[in-house]
Amino acid sequence: MKSSVIVFPGSNCDRDIAVALEKMQFKNQMVWHKETRLPKSDLIVLPGGFSYGDYLRSGAIAGKSLIIDEVIRAANDGCLVLGICNGFQILTETGLLKGTLLRNKNLKFINKNVRIKVMNNETKFSNKYKKDEVLKINIAHNEGNFFTDDNHLKELKENNLISFKYCDEKGNVDDQSNPNGSLENIAGIYNLKKNILGMMPHPERMVDKLISNTDGVNLFSSLLN
Amino acid sequence: MKFSITVTLKKDVLDPQGKVVQNTLNNIGFNLKSIRQGKYFEVVVDEKDQKKAEKKVDEMCKKLLVNLIIEDYKINKL
């Protein structure tokens, strides 16, 4: 499977995701944001980081960069797109995903391992997980507080487009297990066609027992499945 | 032609920064009911016709400066 990681000035998880993809046997290429042609890809990844120093709004400037037109075209043609953290923020700024990420409710940058629950395990990104499986996964963000309007929330629920929700170790989804104030504990969402996933947690940080755990591995093996 | 753009969070959107500022102002003796934090831009457009210029500024708000899901904006000619 061929993957492309888009690199913006200020991206800082681009190398991590590249290492994870290569470890999982993806043929990966890094693509600079000023490119106007995208290499043939089965998966495009918008990595985490602070593209353009989060100027204006997180992801706003990257969402208007040269390569983004190509990403939008590929996404509309059905190419798989994964946006992690800042990548999720960029996806909402391009309009590929609806909703937005607000400042964390407690106004603090949060970097810690949290638990998330797999809400839908029937997608290209999640078919190797069990439904309601609880993953231990790292979050590191200042603007991760998911917010959207009532119509979109309804659409998310009716079409099973919520990918992950923050929860506790036992899988309870409640205010105590919500780290950043996200609407209904939402940690990640799909578009209607489910070929685009945006998520705040970092699966690429959870692919090696030596440094963390392997709870992120199944996301990548799902893609290869 | 010069314009100002004021961007504010919509009424129903939580404004944690504004809340902290409000608490601090209350603590130092200003009793206020509410405060909302926003952004302010000044743009100079190379355009003589005011209608056209306003349209341009409106377009830049919609395309980049404002996130319409959570923010409102006001344009004023300076």
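Mentor: A residue is called buried if 20 or more other C-beta atoms lie within 10 Å of its own, exposed if 12 or fewer, and partly exposed in between, with C-beta atoms placed from the backbone. Helices (H or I, at least four residues) and strands (E, at least two) are DSSP runs, numbered from the N terminus. Keep in mind that this is a predicted model: local features need pLDDT of at least 70 and side-chain atom pairs count only at pLDDT 80 or more, while totals for chains, interfaces and linings use all residues. Residues are numbered from 1 along each chain as its sequence is written, and chains are lettered from A and ligands numbered from 1 in the order in which they are written.

Trainee: Which residues of H3(A) are buried?
Mentor: They are Asn86(A), Gly87(A), Phe88(A), Gln89(A), Ile90(A), Leu91(A), Thr92(A), Glu93(A) and Thr94(A). Helix H3 (residues 86-94) of chain A is thus mostly covered, with nine of its nine residues buried. Just after H3(A), Gly95(A) has a positive phi of about 90°.

Trainee: What do the buried residues of H3(A) pack against?
Mentor: For contacts, the general idea is that two residues touch if their C-beta atoms, placed from the backbone, lie within 7 Å. Here the partners are strand E3 (43-46), helix H2 (66-76), strand E4 (80-84), E5 and strand E11 (196-199) of chain A. For directions, axes are lines fitted to C-alpha atoms, for helices over the stretch in contact, and angles run from 0 to 180 degrees between N-to-C directions. H3(A) lies across E3, E4 and E11 of chain A and runs at about 120° to E4(A).

Trainee: Where is Leu101(A) found, and what does that residue touch?
Mentor: Leu101(A) belongs to strand E5 (residues 100-102) of chain A. Leu101(A) counts as buried because 28 C-beta neighbours fall inside 10 Å. Leaving out residues up to four places away in sequence, the contacts of Leu101(A) include Phe88(A), Gln89(A) and Thr92(A), as well as Ser58(A) and Phe146(A).

Trainee: How should I read the sheet of chain A?
Mentor: Strands of a sheet pair through backbone hydrogen bonds, either parallel or antiparallel. The working rule is that two strands pair if DSSP finds at least two bridges between them. In chain A, nine strands make an open sheet with mixed pairing, in the order E2-E1-E3-E4-E11-E10-E9-E6-E7. Strand E2 (27-32) and strand E7 (134-141) of chain A are at the edges, each with a single partner strand, so one side of each has no neighbour in the sheet. From one strand to the next, the twist averages 25°.

Trainee: Which strands show the parallel and antiparallel senses?
Mentor: Strand E1 (residues 2-7) of chain A pairs with E3(A) in the parallel sense over three bridges, and Ser4(A) stands opposite Ile44(A). Strand E9 (residues 162-167) of chain A runs antiparallel to E10(A), again with three bridges. Gly188(A) in E10(A) faces Phe164(A), and the bridge partner of Gly188(A) in E11(A) is Met199(A). E10(A) and E11(A) form a hairpin with five residues between them, and Lys194(A) in the turn has a positive phi of about 60°.

Trainee: Why is strand E10 of chain A described as largely enclosed?
Mentor: Five of the five residues of strand E10 (residues 186-190) are buried, so the rest of the structure largely encloses this strand.

Trainee: Which residues touch the most other members of the largest nonpolar core?
Mentor: A nonpolar core is a set of buried Ala, Val, Leu, Ile, Met, Phe, Trp, Tyr and Cys residues joined through C-beta atoms within 7 Å. Of the 66 residues in the largest one, Ile6(A), Ile17(A), Val81(A), Leu82(A), Ile116(A) and Ile196(A) touch the most other members. Among the contacts of Val81(A) are Ile44(A), Val71(A) and Ile196(A).

Trainee: How many residues of chain B are in contact with chain A?
Mentor: Nine residues of chain B contact twelve residues of chain A. Helix H1 (residues 16-27) of chain B gives the most to that side of chain B, with three residues.

Trainee: And what about the sheet in chain B?
Mentor: Three strands of chain B form an open antiparallel sheet in the order E2-E1-E3.
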